[in-house]
Amino acid sequence: MYKTVIKVFSFLFVTLFAANLVFSQSYNTQFYNESNGLFNSKIWDILQDRSGRMWFGTRSGISVYDGISWSGFINTDSIGRYECFALRMDDDGNIKALFRNPSFFVATYTKDGWKRLPPSGFITGNEICSFFTTGRGDNEKVYICTENDGIIWHGNDAWKTLLLNEEYGIDIVYSACPLGDSVLISTNKGLYFWNTAGTFRSADIAFPSKPRGLYTQKEFGNKIYAAGEDWFGYLENDSVKILSEKLTSNFDFNVLSLRIEPDNNSGFYIFNYFTLNYFSLKDSSVTRLRSKSGLITDGATCVFTDRENNAWIGSPRGANKISSRRFINYLDLFGEGEGEVSAIMEYEPGKIIFGGNNGYTMFDGEKFRHFPIPDPNRSRSEKERILDFQLDTKGNIWVASTTNGFFLIDKTGKKLNYKLDIPVKERATSVIMDKDKNLWFVTNGNVYIHNDAGTKIYTDIPKNHVIRKAFNLGDSTLGFTTVLEGFYLRRGNVTTHYMGQTKEGNSVFTLEKDRKGKIWIGTLAGLFELNGEKVQRAILNDGDSVARPVYLLMEDRSGNLWIGTDFGVYKYNGSIVRKYSTKDGLSGNELNRAGGVIEKNGRIWFGTNFGASCYYEELDNNGTNETALLLKINRITSSGISYASDADISLSENSNDISFIISGCSFINEKENRISWKLDGEDKEWKKEVLYQSNEIYYNNLAPGDYRLHVRMRNSDGVLGPETVSSVITIEKPFYLKWWFLAASAMLIAAIAYSGQNYYSQRKYNRFLQEEVNKVTAELTEAEKTYRETLLKEIHHRIKNNLQVVSSLLSLHGNTVRDEEINEILRESRNRIRSMAMIHEKLYSSKSYSSLNISSYVKSLVDYLARSYLSNTSQVKIETQIPELFLNIDISVAIGLIVNELVSNALKYAFPGNRKGTISISINQADGNNIAIGLKDDGVGLDKEPIPENMETLGLRLVNMLVKQYDGKMETDITRGTSFNITLKYRQETSSPARG
């Protein structure tokens, strides 16, 4: 008796305590801060440009993210590394940025780079509450509004200031927004209209209280949205419409102003530094977003919704991205770490009851109340599990539970005293009500029918068949699913037994009858349908089917079929299947057979193994904006020359290595984007899709012909974007394959044949023929000379190609080897081969085939090494001081290998942890025939000095060997970074290059 009293008292205490719990919604979020690539984690504003890149205005400048790599503007002449407070895009697609250092200034970014507006000289320590532009071209005006200093604006190449305190006695400005040719200003003394012509008048508009935030844009027409301390609404044609009066009551107004940002017409974010709320236009609901929802902080400095409906939320600690708020999740609904929801039901419009492993929880739309179910007869190790709910005609709720059987509660959650006429000793599994208001109680041994006349056993289903769940399918049809015996349908008074073809197919969990009368069947073997009286696998689209366990089936008000499985839920609209799992925001991957309900307002709830998820269709990114998936081919490069991608390109036969530089990104989950491509003229089919991790697509050693690149992207939702097609790239044939060369050769052969015939047939013309022969012989001698030069040029080309093949083979081997050390060896070997291949490539491209311009060669080599070792080539600056110097091929190879090894070592080891720095290279012809090579870096330096000649590093051993081979010497200095000074004796074999 004592134990029972204690358990009842504990139940009452927990119930009273839980009545005050408010469960936070959680979302699928991603974080970005300095560890990801931001210049600074304090973010003031976020913007997406027309190419799809995300811009972040931070304390240390502007960071730009294209979904693959980070870049930005921190050391430019125009803007420096200054704090960026605001970002806007004008009507021409140019970016306007507001900086402070310490005075405010505005700069515009176009395709030509940054350009500052004249310095404003406007210094303030106050909060920036508004920044916007109006007009275009010469009529453009820029406005900056602060809380206490008034408004500064730029027009006609001059800055002007409106000091509201001095001129009108207004102490505080909350917000401002453009309104036609005027500006609407919200202040502590009310609303005012102002324009740059000098008009300033009060706006006689009656809001509930002074607006703290204003927002408008062209898409809203005449609407101006406004928010106050406890309300949100809009002004249209001098008429005020209040949308909510319980929106912002939790705002901390230590920051005076509010900001309003739209969510692509689904709703609005209303926020300040400490608080962030979302107002839905669909149902006028208010949602508070904060750290308990998975965000970095409770408030926001900015909110931006990109063209895929991803919400980017800036804060002093970095940025959050909510890829979709399609699912709002509620976790740990039953206390003691219990989150699994096994049953859900709407007991009144907008009010939900959840059943789980530790009792039930009731949600009235704002607060949750948890009710554990104490049972003195239950062992400590046995958990209560609610399996089903059913609302009766009196508004009370029947519960089917594993340990308490069937019991009744009222709408307040109070357990009512009620007993059935027949004692039910089996384990309760389900409860439903038919159209005649009869209650059907299902156990693992029997089915009972209960009404005012009493309770009786339903005998049309054999007792040895274990019933999982009962379903009211409408039209006087009831369904009963079993563990291994298929399912039963009761139509009127006739019960029919249905079996599938396999054992797993006869383990049935759920049934659903759609609006067209089709009955869908969820089994352990997947999704089936009843075709006439035959059970067959359901084919959804293009031969697709669901072959994994199906636990839940529901048809929503739009006719979509929701298919809950052991790994996510599918949405099928009759032609397209979309899958959602935890990566898409669902609380858990496993659905439960009674864990689904569609509210009267259309909201859809799912019970999963980790919590409850509510689906918001208007926040889903159904029909992904194809513009966001359109890749752009920015430029095409060959032989170190870049070409625009919007015009056809003609290349010589030597320029047959081509790179395509692309851009574009889907930010739903940028790490799971995939791309594929096909080069017309080279590829017969599309390449296999790969993760989009590089902005470059490379083809080498292409044969002469015409080529066009096709490229496309698939985002993490599986949506395939449109193709992007490049211009035509033509690689010309070599001259000896062109028609005029072949024609000339044929004519030459014909001339020789004709001369020979005349020589033997007409001796009297010997003298004349001899002269002709001499002439032809001279021509042949010249042709032979030309041919020899052509052959030498071709040899260089072949050597270059063969070395490139070896390099490619090493690269392919590297892709199959997982050992990082072996991979590094292969990479170093590939770079050494590439350094030698470049020499032959340069000789092939020059007019002399025996000497090389070492300046051009070394610059190309270090550029290649920087791209090979650095993910961000701006991290390390490489400076070269090399005059025009022509050397023979032997010493050029030695110099190339030495530079390759020393620069590679510096790039790998001198700048750890993305450290920035500089590498300097100099090569000069010293006294006599000596060649002086200098290389230094300002990195972390070597651990020991001097460098012994027998050092085990292969690269430095190679350098020492080459120095000895040319009777040279090498000196090192590690005082500041690392420097090498090398002298080689030059054995001159050739002089200067041939000149044209």
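**Labels and their grounds**

Modeller: The strands β34-β35-β36-β37, in that order, form an open sheet of four strands with antiparallel pairing. This is a predicted model, in which local features need pLDDT of at least 70 and side-chain atom pairs count only at pLDDT 80 or more, while totals for chains, interfaces and linings use all residues. Residues are numbered from 1 along each chain as its sequence is written, and side-chain values use heavy atoms, with hydrogens and water left out.

Colleague: What makes β34 and β37 stand at the edges?

Modeller: β34 (386–391) and β37 (415–416) each have a single partner strand, so one side of each lacks a neighbour in the sheet. Strands are DSSP runs (E, at least two residues) and helices likewise (H or I, at least four), numbered from the N terminus.

Colleague: Why is Leu235 called buried?

Modeller: Buried means under 20% relative accessible area, exposed over 50% and partly exposed in between, using a 1.4 Å probe and protein chains only; Leu235 has 6%, so Leu235 is buried.

Colleague: Why are α6 and α7 called roughly parallel?

Modeller: Helix α6 (residues 854–869) and helix α7 (residues 889–910) pack at an angle of about 30 degrees. Angles under 35 degrees count as roughly parallel, over 145 as roughly antiparallel, 65 to 115 as roughly perpendicular and the rest as oblique, so α6 is roughly parallel to α7.

Terms used: Pairing = 2+ DSSP bridges. Axes fitted to C-alpha atoms, helices over the stretch in contact; angles between N-to-C directions.
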